[in-house]
Amino acid sequence: MFAVVLVGGFGTRLRPLTNDIPKPLLPLGQRTILECLMSQLSRGGVTDAVLALGFKPEPFLAAFPDARCAGVRLHYAIESSPLDTAGAIGFAARSVGLHEKTETFVVANGDIVTDLSIAALIAQHRANLRLGALATIHLTPVDDPSQYGVVQFDSLLPTGGKVSGFVEKPAPGTVSSRHVNAGTYVFESAVLRRLPGDAPLSVERVTFPALATAGELFAYPTDDYWLDAGRPDTYVRGNVDLINGVRSERDVAIHATARIDATAEVSNSVVGAGASIAAGAQVVDSVIFPNATIGARARVRSSAVLGTVAADAEVRDALVGAGGHQ
Ligand code: GDD
Ligand code: MG
C-alpha cells in the first residue's frame, strides 16, 4: 500500500531549529520524527511512501541514500513552488500513478506523533466504503480546538460516522466540537479527481468541506496518544514522552556516544549521539541534539538545543539553533 507523506512545509514555528533541518528530520528520541512515522506506517501495511517535498528537499535525499526508511520504499515528489496540502497530495499521488488506479492509500502530515494503529484506521475506512466513503480521517479530542481543523461528525456510531462539518482553525468559541483533524487520512484514489495537483489548494479549507457536503467523508475518533510536534512546547513534550513510558513504545534517553560529565545533572531529557554536557550543568525536560554542547554550569530547562549553550548560561522554554546561546 502507498502513503503520501506531507513534508514540504516551512516549519516556521520551530525556527531556528528548522533553519538547518526540515521539521520531519528533527530528532524524536534517538530517531527522527519521519523515521518514527515511517515505522508506524510500515506496521500498518504501508510498503511505499511518496514524500511530498517542497522546502529543502536535499536533506531528505541525503538522509535516505538508499531510498528506504524503516523498511518502507521512498519516492520523492518535489514541488517547484508550494502547492499547499491538497495540491501537494494531488501532485505526489499522481507522480506514482495513483490517479490511474482504483486503490486505497494513506495520507499523513509529517509532524504527527501518535500511537494510532494505521491498520485499524484502514480497516474502519474499508468498513465505511459500503456507506459511500471516499475518505476517512483520524480525529483526536483536544482542549483548545482553535489551532486545528475542527470536525463535526455523527457520533452515534462508536467507530465514528459521517463528517457533517470541517472548519480549519476557527476563531475561539465559534465551534462546539472538541474533536480535531489528527492529520492521518485514508483516501480512495477517486478523491484525486478533486485534487489536480497543478496549483495551490488546501485539503482542510476546500477538499474536506466539499467531501463532507457530499457525504463522502468519515471520521475515526480515538483517544490514542497524539500530538502535533510542530510547536516548540509539543516538540519538546513529544521527545520527553517517548523516553518516560507514556507511549506504547519507548526509546533510550541518552545515546551511548553522548559525553556527560559525572557532576552534570540530566533528567527527563533526550541526549543525542555525540552530544556533550560539561561539569555542573543541569538539563531538565529538554532535547539535546546530536553533537550539541552544553557548557559548564549552564542550566537548560524545557528547551531544545541544536548548537552550543555557553558556560553559566541559563536557557528556559527556548529553541537554541546553530548560532548557540551565550
Ligand atoms: N509538500 C507540501 N507542500 N507540504 C506542505 C505544504 C506545501 O505547500 N504546506 C504544508 N505542508 C505540510 C507540512 O510540512 C506538514 O507536514 C503538513 O503539511 C501540515 O502542515 P502544518 O503547517 O503542520 O499544519 P498545521 O499543523 O497548522 O495544521 C494541520 O495539522 C493539524 C493536526 O496537527 C491541519 O491538517 C489541521 O487540520 C490539523 O488539525
Ligand atoms: Mg502541524
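Mentor: Thr 32 counts as buried, because its relative accessibility is 14% and the cut-off for buried is under 20%. This is a predicted model, so every value here is computed from predicted coordinates. Thr 32 belongs to strand β3, which spans residues 31–32. Setting aside residues up to four places away in sequence, Thr 32 touches Pro 24, Leu 25, Leu 26 and Pro 27.

Ile 260 lies in strand β15, residues 259–260. Ile 260 has a relative accessible area of 31% and is therefore partly exposed, since that class runs between the 20% limit for buried and the 50% limit for exposed. Leaving out neighbours within four places in sequence, the contacts of Ile 260 are with Ile 254, Val 266, Val 271 and Ile 277. For a sense of distance, the C-alpha atom of Ile 260 is 27 Å from that of Lys 23, and the two residues are 237 residues apart along the chain.

Turning to the helices, α4 covers residues 84–95 and α6 covers residues 203–213. Their axes come within 7 Å and cross at roughly 70°. The two helices are therefore roughly perpendicular, as angles of 65 to 115 degrees fall in that class. On the α4 side the meeting residues are Thr 85, Ala 86 and Ile 89; on the α6 side they are Val 203, Glu 204 and Thr 207. By type, the residues of this contact divide into 3 nonpolar, 2 polar and 1 charged.

These parts belong to a protein with 7 helices and 26 strands. Of its 326 residues, 54% count as buried, and Thr 32 is one of the residues in that class. Among contacts between residues at least 6 apart in sequence, 59% join residues at least 24 apart. The C-alpha atoms fill a box of roughly 65 × 40 × 30 Å along the principal axes. The radius of gyration is 20 Å, which agrees with a compact globule, because a globule of 326 residues would have a value near 20 Å.

Definitions and conventions
Residues numbered from 1 in each chain as written. Chains lettered and ligands numbered in written order. Predicted model: local features only at pLDDT ≥ 70, side-chain atom pairs only at ≥ 80, totals over all residues. Heavy atoms only, no water. Helix = DSSP H or I, 4+ residues; strand = E, 2+ residues; numbered from the N terminus. Buried < 20%, exposed > 50% of the residue type's maximum accessible area, 1.4 Å probe, protein only. Contact = heavy atoms within 4.5 Å. Axes fitted to C-alpha atoms, helices over the stretch in contact; angles between N-to-C directions. Parallel < 35°, antiparallel > 145°, perpendicular 65-115°, else oblique. Nonpolar A, V, L, I, M, F, W, Y, C, P; charged D, E, K, R; others polar. Rg over C-alpha atoms; globule rule 2.2 N^0.38 Å.
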